[in-house]
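Please keep the sequence and the structure in view while reading.

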Amino acid sequence: MKIRYVIITTLVLLLLMATSAMSIAGGAFAGDRVPRMTTSQLAGMLDSPDVVVIDVRRDTDFQGSEMMIKGAQRRAYNDVDGWAGELSKEKTLVLYCA
């Protein structure tokens, strides 16, 4: 359980750093409109059927990593339009890329 918490903490922190950097750099990402959560909030939600965790890392990052969130769905980051309609709007969607 402790290793799972460390992995989740690391992934969420990397995601927050990446989104902050994009926001500061003026990228297309609207960081101020995206709800955020803490690692403890995510850890407490992982077993909920109302939460869908989506791994949108690039193939090379995904294949070269031993860190994955249990139960996360693998989706292409560059095809959001292709798969977004398949997801329930009634669920909490958590995307991570780092």
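In which loop is Arg-75 found? Arg-75 is in the loop between strand S2 (73-74) and helix H4 (80-83). The model examined here is a predicted one. The points below begin with the overall fold and then turn to the cores, several individual residues and a pocket.

**Overall architecture**

- The protein contains four helices and three strands.
- Read from the N terminus on, its elements follow the order α-α-β-α-β-α-β.
- The protein has 98 residues, of which 27% count as buried.
- Among contacts between residues at least 6 apart in sequence, 55% join residues at least 24 apart.

**Nonpolar cores**

- In soluble globular proteins, nonpolar side chains tend to be buried together.
- The largest nonpolar core has seven residues in all, namely Leu-42, Leu-46, Val-51, Val-53, Ile-69, Val-94 and Tyr-96.
- Strand S1 (51-55) and strand S3 (92-96) are the elements that give two or more residues to this core.
- A second, separate core consists of five residues, and Val-52, Ile-54, Val-56 and Leu-87 are among them.

**Arg-75, a buried charged residue**

- Arg-75 has a relative accessible area of 16%, and it counts as buried because this value is under the 20% cut-off.
- Which side chains make polar contacts with the side chain of Arg-75? One is the side chain of Gln-73, at 2.9 Å, and another is the side chain of Glu-86, also at 2.9 Å.
- When neighbours within four places in sequence are left aside, Arg-75 is in contact with Ile-54, Asp-55, Val-56, Trp-83, Glu-86 and Leu-87.
- Among these contacts of Arg-75 are Ile-54, Val-56 and Leu-87, which also belong to the second core.

**Asp-55 in strand S1**

- Asp-55 is part of strand S1.
- Is Asp-55 buried or exposed? Asp-55 is buried, because its relative accessible area of 2% is under 20%.
- The side chain of Asp-55 forms a polar contact of 2.6 Å with the side chain of Arg-57.
- Leaving aside neighbours within four places in sequence, Asp-55 is in contact with Phe-62, Ala-72, Gln-73, Arg-74, Arg-75 and Tyr-96.
- Tyr-96, one of these contacts of Asp-55, is a member of the largest nonpolar core.

- Ser-48 is located in the loop between helix H2 (39-45) and S1.
- With a relative accessible area of 27%, Ser-48 is partly exposed, because this value lies between the cut-offs of 20% and 50%.
- The side chain of Ser-48 reaches the backbone nitrogen of Asp-50 at 3.0 Å.
- Ser-48 and Thr-92 are 44 residues apart along the chain, and their C-alpha atoms are separated by 9.7 Å.
- Glu-90 is located in the loop between H4 and S3.
- Glu-90 counts as exposed because its relative accessibility of 72% is over 50%.
- Although Glu-90 and Val-51 are 39 residues apart along the chain, a distance of 9.3 Å separates their C-alpha atoms.

**The second largest pocket**

- The volume of the second largest pocket is about 150 Å³.
- Which residues line the second largest pocket? Its lining is made up of Val-56, Arg-57, Arg-58, Asp-61, Tyr-77, Val-80, Leu-95 and Cys-97.
- By class, five of the lining residues are nonpolar, three are charged and none is polar.

Methods:
Residues are numbered from 1 along each chain as its sequence is written. This is a predicted model: local features need pLDDT of at least 70, side-chain atom pairs count only at pLDDT 80 or more; totals for chains, interfaces and linings use all residues. Side-chain values use heavy atoms; hydrogens and water are left out. On a 1 Å grid over the protein atoms alone, a cavity is a set of points where a 1.4 Å probe fits but cannot get out, and a pocket is an open set with protein on both sides within 12 Å along at least five of seven lines; lining residues have an atom within 4 Å of a point. Grid points are joined across faces, edges and corners, and a volume is the space filled by probe spheres set on the points. Ala, Val, Leu, Ile, Met, Phe, Trp, Tyr, Cys and Pro count as nonpolar, Asp, Glu, Lys and Arg as charged, and the others, Gly among them, as polar. Buried means under 20% relative accessible area, exposed over 50%, partly exposed in between (1.4 Å probe, protein chains only). A polar contact is a pair of N or O atoms within 3.5 Å; within protein, one must be able to donate a hydrogen and the other to accept it, and residues adjacent in sequence count only if both atoms are side-chain atoms. Contact means heavy atoms within 4.5 Å. A nonpolar core is a set of buried Ala, Val, Leu, Ile, Met, Phe, Trp, Tyr and Cys residues joined through side-chain atoms within 4.5 Å.
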